[in-house]
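Hello,

Here is the model I promised to pass on to you. Please open it alongside this note, and then read on for what turned up.

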2 protein chains.
Amino acid sequence: MKRSDRLVSLMNYFLENPNEHISLPYFSDKYDAAKSSISEDLSIVDRVMKEEDVGRLQTIPGASGGVSFIPEFSREKGNRFIDGLCHTLEDPSRILPGGYLYMSDILGDPKMVNQIGRVLASAFSGLKIDVVMTVATKGIPLAYATAAVLNVPVVIVRRDPKVTEGSSVSINYVSGSSRKIQTMVLPKRSLNDHANVCIIDDFMKAGGTINGMISLLGEFNANLKAIGVLAEADDEEDERVVEHYTSLVKITNVDIKQNTIEVHHGNFSWN
Amino acid sequence: MKRSDRLVSLMNYFLENPNEHISLPYFSDKYDAAKSSISEDLSIVDRVMKEEDVGRLQTIPGASGGVSFIPEFSREKGNRFIDGLCHTLEDPSRILPGGYLYMSDILGDPKMVNQIGRVLASAFSGLKIDVVMTVATKGIPLAYATAAVLNVPVVIVRRDPKVTEGSSVSINYVSGSSRKIQTMVLPKRSLNDHANVCIIDDFMKAGGTINGMISLLGEFNANLKAIGVLAEADDEEDERVVEHYTSLVKITNVDIKQNTIEVHHGNFSWN
């Protein structure tokens, strides 16, 4: 295969397999090319990835060496993306009763969801996460988008057990804002002992739901490694029951009477 | 930018933007290259896409012309993928009470889900679909994977209205197998008049849930263009209330006593 063809094929391979270790001999075999040619190809791909702000190739030298595609956002591109999110969300027609915000259009756009997933994943890429956990329903697309980049599976916590998931573990938790006792269930088969878990959700007010998921992790002897949310509601900060988390945007000063709202960058920071 | 760099960048661009029309001058500007060079680049990309079985570039000639990346599976690759699915699902330890099948591991694997979405999307790519619809919870990842390829948004029907979605339209429907009356809701803002809709779900028994979604489409003056499911249960065929649909696999002869199950190719066919 010629270099030009290899470059197209390599780019396809890396984008399909982010955060996966691939040995150089694999590519030598696949393309019937010398290791030195493959190395040159990889440096071209790496350079363009950086220029286009999609990530970088991480090369591990030595006998068990190889290469991984690490999807990444530059600080500049990421900040621009979050600016855009803030601007979109600041539309007063999004305000719903109870200080909630209509976000279903954003969460229904696969391209937008994949971008959000990439930003969240870039915050957690060094944490050796085994699985992404979310709760039905709205967090699901963000959880998949994040998990696809981290190259790990997703488990979905439900509020009602389903016959199609086999036996399950359930817990009761106190909802942060309404103080109601609620139930959460997770199928027994879905989480291994000592799994390193990243919790993803769309919206956090006081954090009761996320706290429920943390309790559930205890039942499975799993480890909480990170929490990521698209939006947090600032107004509930005093009552917050969750401490360490990453948010892309922070919603403040929702005024239903004046029909105004402010949306700022969340606590997400670039490494 | 040199050809080698352009090829890497172009492949990234197309994979990020499937089924989107892009004018050639856009690329000429982006890469500061002659149209003739871009045309040669595109023919290299097209050739490798076909060789690697990821799809093809569709070129529209003329003044308003341009190029679109059409993701596609060859019949051979698609059949191999469905064979693998059948084999994975035929494991008797997946059998659950009521003739259901444990599939959460497959539906929890983002790579697998994206592949399923690509196969389903390839069946519907000529239908001018505006939006993919699914019902919470298990169909959601498949709906997003399909919608990402079709380059359209997703709307999620729920069984309970949620405060964070604004006013909504609800209908009652009869569940196919249990004959129970159930409710389905969709936020008013989520679907435009006369939208062309593709319904995606993970599992179809008699089809009552899908039939419910079809009734809901009527309330929004939307058009049903296609129905796609990962798996259908063959045993319920006599009671089926849905006629035209595409399934990847068909589950038959689930025998809880003997602990056996058969999984075959569904009615999916390659164009």
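Before the helix pairs, a word on terms: axes are lines fitted to C-alpha atoms, for helices over the stretch in contact, and angles run from 0 to 180 degrees between N-to-C directions. Helices (H or I, at least four residues) and strands (E, at least two) are DSSP runs, numbered from the N terminus.

Please keep in mind that this is a predicted model, in which local features need pLDDT of at least 70 and side-chain atom pairs count only at pLDDT 80 or more, while totals for chains, interfaces and linings use all residues. Residues are numbered from 1 along each chain as its sequence is written, chains are lettered from A and ligands numbered from 1 in the order in which they are written, and side-chain values use heavy atoms, with hydrogens and water left out.

Helix α1 (residues 3-16) of chain A packs with α3(B) at an angle of about 60 degrees, and their axes are 9 Å apart. α1(A) and α3(B) are therefore oblique to each other; angles under 35 degrees count as roughly parallel, over 145 as roughly antiparallel, 65 to 115 as roughly perpendicular and the rest as oblique. From α1(A) come Ser4(A), Asp5(A), Val8(A), Ser9(A) and Asn12(A), and they meet Ile44(B), Val45(B), Arg47(B), Val48(B), Glu51(B) and Glu52(B) of α3(B). By class, this contact has four nonpolar, three polar and four charged residues, where Ala, Val, Leu, Ile, Met, Phe, Trp, Tyr, Cys and Pro count as nonpolar, Asp, Glu, Lys and Arg as charged, and the others, Gly among them, as polar.

Within chain B, α3(B) (residues 35-52) also packs with α1(B) (residues 3-16), at about 60 degrees with the axes 10 Å apart. This crossing is right-handed. On the α1(B) side the contact includes Leu7(B), Leu10(B) and Phe14(B), and on the α3(B) side Ile38(B), Leu42(B) and Met49(B) are among the residues met. The contact of α1(B) with α3(B) divides into nine nonpolar, one polar and four charged residues.

Further along chain A, helix α6 (residues 110-124) and helix α7 (residues 140-150) have axes that come within 8 Å and cross at roughly 55 degrees. That makes α6(A) oblique to α7(A), and the crossing is right-handed. Ten nonpolar, three polar and one charged residue make up this contact.

A few backbone details are worth a look too. The peptide bond from Ala136(A) to Thr137(A) is cis, with omega near 15 degrees, and Thr137(A) lies in the loop between β5 (131-135) and α7 of chain A. Chain B has a cis peptide bond joining Ala136(B) and Thr137(B), with omega about 15 degrees. Asp53(A), although not a glycine, has a positive phi of about 65 degrees, and this residue is found in the loop between α3 (35-52) and β1 (55-60) of chain A.

Best wishes

Methods
A crossing is left-handed if the near helix is turned anticlockwise from the far one by less than a right angle, and right-handed if clockwise. Contact means heavy atoms within 4.5 Å.
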